[in-house]
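Reader: I would like a close look at a single part of this model. Please keep the account plain and connected.

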Amino acid sequence: MMTSVDTDLIRVLADPLRLRIVTLLARETLCTTHLVEETGARQTNLSNHLRVLREAGVVETEPCGRFTYYRLKPDVIETLAGQFADLAATARATAAADTKRACP
């Protein structure tokens, strides 16, 4: 059983605006202009968050003329979800075995 979770990815997704972007991109591929309209964030702020998501491997880009479209990479989210599922399974097994570390 895996019991570690990708903490770097959690930090990336912990930001409310980045989580909102990921949620929007889960539904459809969007360009920066669409994301500005949907989130109300300033374009420069949004671009910085998109860069962080791209560098973390959460989104991929697709140039289209003078626009750049962003698409969520579902495998990254599935991997993180699997890590949390493994963590939950470990916790269940520990609770069932009533495992406790003795205090010194």
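Which helices do the buried residues of H1 pack against?

Author: This is a predicted model. The buried residues of H1 pack against helix H2 (16–27), helix H4 (43–55) and H5. Helix H1 covers residues 7–14, and its buried residues are Leu9, Val12 and Leu13. These buried residues line one face of the helix, because they fall within an arc of 90° when H1 is viewed down its axis. Arg11 and Ala14, on the other side of H1, are exposed.

The N-terminal end of H1 is capped by aspartate 6. A side-chain oxygen of aspartate 6 lies 3.2 Å from the backbone nitrogen of aspartate 8.

One residue of H5, a helix that H1 packs against, also belongs to a surface feature. Leucine 87 is found in H5, which runs over residues 74–97. Ile10, Phe84 and Leu87 form a nonpolar patch on the surface, and together they have about 220 Å² of accessible area. Leucine 87 has a relative accessible area of 33%, so the residue counts as partly exposed, between the limits of 20% and 50%.

Leaving out residues up to four places away in sequence, threonine 32 touches Gln43, Leu46, Ser47, Leu50, Thr68 and Tyr70.

Conventions. Residues numbered from 1 in each chain as written. Predicted model: local features only at pLDDT ≥ 70, side-chain atom pairs only at ≥ 80, totals over all residues. Heavy atoms only, no water. Patch = residues over 30% accessible without salt bridge, like charges linked within 9 Å, V, L, I, M, F, W, Y side chains within 5 Å. Areas by Shrake-Rupley, 256 points an atom, 1.4 Å probe, with all protein chains shown as cover. Salt bridge = Lys/Arg side-chain N within 4 Å of Asp/Glu carboxyl O. Helix = DSSP H or I, 4+ residues; strand = E, 2+ residues; numbered from the N terminus. Buried < 20%, exposed > 50% of the residue type's maximum accessible area, 1.4 Å probe, protein only. Arc of directions from axis to C-beta. Contact = heavy atoms within 4.5 Å. Polar contact = N/O pair within 3.5 Å; in protein donor to acceptor, adjacent residues only side chain to side chain.
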